[in-house]
Amino acid sequence: MTYSSARFAGTDEPLETSQLRKVHALLDRLEIKPGSRLLEIGSGWGTLAIEAGKRGANVVGLTLSEEQKAWADRRIAEAGLSDKVEIRLQDYREIAEQFDAIASVEMVEAVGQRWWPAYLDCIARNLRPGGRAALQFISMDGRLFDRYARNADFIQTYIFPGGQLLNEPRFEALAQERALSWEGREGFRSDYAETLKHWRERYEAAIATGRLNGFGEQFHRLWRYYLMYCEGGFRGGAIDVAQVTMVKG
């Protein structure tokens with residue numbers, strides 16, 4: 001239940017191990033320690049929030065999904081971290097508190113270019129001076145971005161209406177306008193291609209064992225195409241995934 005790129009140490013490594021490596025690489029960027037106050041924008045199913053709680057951080061995670069919140073709350077309780085981790089049904093644009101650190105993993109692609117300033121305003125507003133933010137994001141090759149942004153592609157039409165990959169130079173410039181640095185950028189697109197391959201193989205196994213009998217063949221074909229479409233994009237270099245650290249000046 002982690003819907004973002006893993007980071008692999010080797011080809012034989014289990015996906016679950018590689019997903020935790022991704023999470024801890026991001027937390028290391030934030031220098032999380034006991035007592036740190038962490039905001040996660042887009043908390044998903046709670047994996048990062050739980051791992052941060054295990055490090056002793058006090059975590060507030062934001063989601064708009066009642067289903068994700070319910071799933072995360074159960075996992076948090078099972079981990080014995082209900083006193084450390086709070087998942088809120090709240091829009092990121094509405095929060096105004098002070099945090100030592102902010103994390104966000106592949107959430108910014110959901111806001112669209114129009115809302116990039118508001119997203120970065122949220123980080124700048126809620127991060128204490130000297131605080132650190134760490135993002136994992138997917139970007140489009142800058143040479144292709146304007147054409148990509150003018151028309152809805154397959155994914156925007158059928159999978160993520162309203163979504164948009166980043167134009168990294170433009171997004172970085174908006175961050176720096178808000179006194180947010182852009183440090184330690186590390187891309188790992190081959191890891192995302194491998195993650196998508198794992199997802200596709202698991203999807204096919206789920207079909208074969210009857211766990212997805214409630215979905216028709218048209219849906220399965222759409223989903224296979226989506227997973228292969230994205231894998232090809234990362235292998236071909238048109239899109240990239242990266243982690244970056246921003247420090248508030």
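Which elements do the buried residues of α8 pack against? They pack against α1 (15–30), β5 (127–140), α9 (217–236) and β7 (239–247). The views below start there. This is a predicted model, in which local features need pLDDT of at least 70, side-chain atom pairs count only at pLDDT 80 or more, and totals for chains, interfaces and linings use all residues. Residues are numbered from 1 along each chain as its sequence is written, and side-chain values use heavy atoms, with hydrogens and water left out.

View 1. Helices (H or I, at least four residues) and strands (E, at least two) are DSSP runs, numbered from the N terminus. Helix α8 covers residues 189–208, and at 1.5 Å a residue its 20 residues should span 28 Å; the end C-alpha atoms are 29 Å apart, which agrees. That expected span is 1.5 Å times one less than the number of residues. Look for D191, Y192, A193, T195, L196, H198, W199, Y203 and A206, the buried residues of α8. Buried means under 20% relative accessible area, exposed over 50%, and partly exposed in between (1.4 Å probe, protein chains only). After α8 comes G210, with a positive phi near 80°.

**View 2. Helix α9 and what covers it.** The 20 residues of α9 should span 28 Å at 1.5 Å a residue, and its end C-alpha atoms are 28 Å apart, which agrees. Its buried residues are H220, R224, Y226, L227, C230, E231, G233 and F234. Their cover includes β5, α6 (154–158), α8 and β7. Just after α9, you will find G237 with a positive phi of about 95°.

**View 3. Where α8 meets α9.** These two helices pack at an angle of about 160°, with their axes 8 Å apart. That makes α8 roughly antiparallel to α9. Axes are lines fitted to C-alpha atoms, for helices over the stretch in contact, and angles run from 0 to 180 degrees between N-to-C directions. Angles under 35 degrees count as roughly parallel, over 145 as roughly antiparallel, 65 to 115 as roughly perpendicular and the rest as oblique. Residues of α8 in the contact (heavy atoms within 4.5 Å) include Y192, L196, W199 and Y203, and those of α9 include H220, L227 and F234. The residues of the contact of α8 with α9 divide into 12 nonpolar, 1 polar and 8 charged. Here Ala, Val, Leu, Ile, Met, Phe, Trp, Tyr, Cys and Pro count as nonpolar, Asp, Glu, Lys and Arg as charged, and the others, Gly among them, as polar.

**View 4. Where α1 crosses α2.** The axes of α1 and helix α2 (residues 47–54) come within 10 Å and cross at roughly 60°. That makes α1 oblique to α2. From α1, the contact uses L20, V23, H24, L26 and L27, and from α2, T47, L48, E51 and A52. Sorted by type, the residues of this contact of α1 with α2 are 6 nonpolar, 2 polar and 1 charged.

**View 5. Three loop residues.** N167 lies in the loop between α6 and α7 (168–177), and at 5% relative accessibility N167 counts as buried. Leaving aside neighbours within four places in sequence, N167 is in contact with W116 and F145. Most residues other than glycine have a negative phi. E31, not a glycine, has a positive phi of about 55°, and is found in the loop between α1 and β1 (37–41). A179, also a residue other than glycine, has a positive phi near 60°. A179 is partly exposed, with a relative accessible area of 41%.
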